[in-house]
Amino acid sequence: MTDVTEMTNAAGAPKAVEHTGPDPVVHVAGAQDIAHDLLVIPDRGVQLVPNIGIIGGRDAVLVVETGLGPRNAERVLEFAADHARGRKLYLTTTHFHPEHAFGAEVFTGAATYLANRDQAADLETKGPGYLEMFRQLSESAARQLEGVRLVRPDIVYDRSYDLDLGGRVVHLRATGRAHSKGDQVIGVPDADVLFTGDLVEAGQFAVFPWFPPHDTDVSGTRWLAVMERLAARRPRTVVPGHGGLGGPQLLADVRDYLAELRQETWLRRDSAADEQTIADEIADLMIRRRPQWIGREWIGKGVGCLCAERAAHAHDEPAPGSPS
Ligand SMILES: [Zn+2]
């Protein structure tokens, strides 16, 4: 479980989350085949460990996510190189957050690192602040982040990139600002698999990295629009950033949660309730509706984000569902 505080550390980076779980270590031995030449190294429900993908074609293999820090990334690279058996290696990351991307330096020289332009910009501008913030989450997180060097992707694309692995084309697609400024999703059309990064967390409330004034890039309204588009595609298998794999329902679940969160927030916001009252009421409501979901501390962050977005759109139409 995580615990959100509003403290700011000495370096001025936001201290957002308390990390108290087991060591954030990727266990490659748990890798599962989910389609032909397509594996997922599952997160095993461990905080700060992402689901990692290994997608193979005739000529090349794409790794999705590095794990937190160089030692995790070394395990992932070794596993991927073993699996590749001489095929060329590529790396991509769904977004710049540390457990997804802060091991990329290990792949330098061994793999070609591809990312969307907005993510590359996130890495450059916000990477150092997040490194500082994540180092302070726990001793075990700090240990994994020892010696991290942030690197630039080798290939940067704007909106979409089709990567031909040989007999298999993988679709890298920038979604536009949602969970971060530079999210991308990775689709494997022949297997009907979609890697979503933290746009989707299975069995968890959506993670809103809403840390004003340090980071306010997350957008509830844009995220909802992205989820409406992704859910309409109904991929057979969805690999979320964290939590168990699932089908299209995982996308619908996040879409529906974000829609409710926005509606409930904006209704109260329009009645001029103060933000803390709104956050408390909505947390109660959402926890009652989804008692099994973890990450409850992120509900209030989502409310904060959506309150700010409502203020920015104050002259637009009324909130959906509000009495006219
Ligand atoms: Zn994230």
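This is a predicted model: local features need pLDDT of at least 70, side-chain atom pairs count only at pLDDT 80 or more; totals for chains, interfaces and linings use all residues.
E11 and E12 belong to an open sheet of five strands, ordered E10-E11-E12-E13-E14, with mixed pairing. At its edges are strand E10 (160-164) and strand E14 (237-242), each of which pairs on one side only. On average, neighbouring strands of this sheet are turned by 25 degrees against each other, with direction ignored.

## The seven-strand sheet

Another open sheet has seven strands in the order E3-E4-E5-E6-E7-E8-E9, and the pairing is again mixed. Strand E3 (32-35) and strand E9 (155-157) are the edge strands, each pairing on one side only. From one strand to the next, the twist averages 25 degrees.

Strands of a sheet pair through backbone hydrogen bonds, either parallel or antiparallel.

Helix H3 (residues 117-135) lies across strand E8 (112-116) and E9. The angle between H3 and E8 is about 100 degrees.

## The pair H5 and H6

Two packed helices are described by the angle between their axes and the distance between the axes. For helix H5 (residues 220-233) and helix H6 (residues 248-270), the axes come within 9 Å and cross at roughly 150 degrees. Angles over 145 degrees count as roughly antiparallel, and H5 and H6 are therefore roughly antiparallel to each other. Their crossing is left-handed.

On the H5 side, the contact is made by Gly220, Thr221, Trp223, Leu224, Met227, Glu228, Leu230 and Ala231. H6 contributes Pro248, Leu251, Ala252, Val254, Arg255, Leu258, Ala259, Leu261 and Arg262. Sorted by class, the contact of H5 with H6 has 12 nonpolar residues, two polar residues and three charged residues.

Note on methods
Residues are numbered from 1 along each chain as its sequence is written. Axes are lines fitted to C-alpha atoms, for helices over the stretch in contact, and angles run from 0 to 180 degrees between N-to-C directions. Helices (H or I, at least four residues) and strands (E, at least two) are DSSP runs, numbered from the N terminus. Angles under 35 degrees count as roughly parallel, over 145 as roughly antiparallel, 65 to 115 as roughly perpendicular and the rest as oblique. A crossing is left-handed if the near helix is turned anticlockwise from the far one by less than a right angle, and right-handed if clockwise. Two residues are in contact if their C-beta atoms, placed from the backbone, lie within 7 Å. Ala, Val, Leu, Ile, Met, Phe, Trp, Tyr, Cys and Pro count as nonpolar, Asp, Glu, Lys and Arg as charged, and the others, Gly among them, as polar. Two strands pair if DSSP finds at least two bridges between them.
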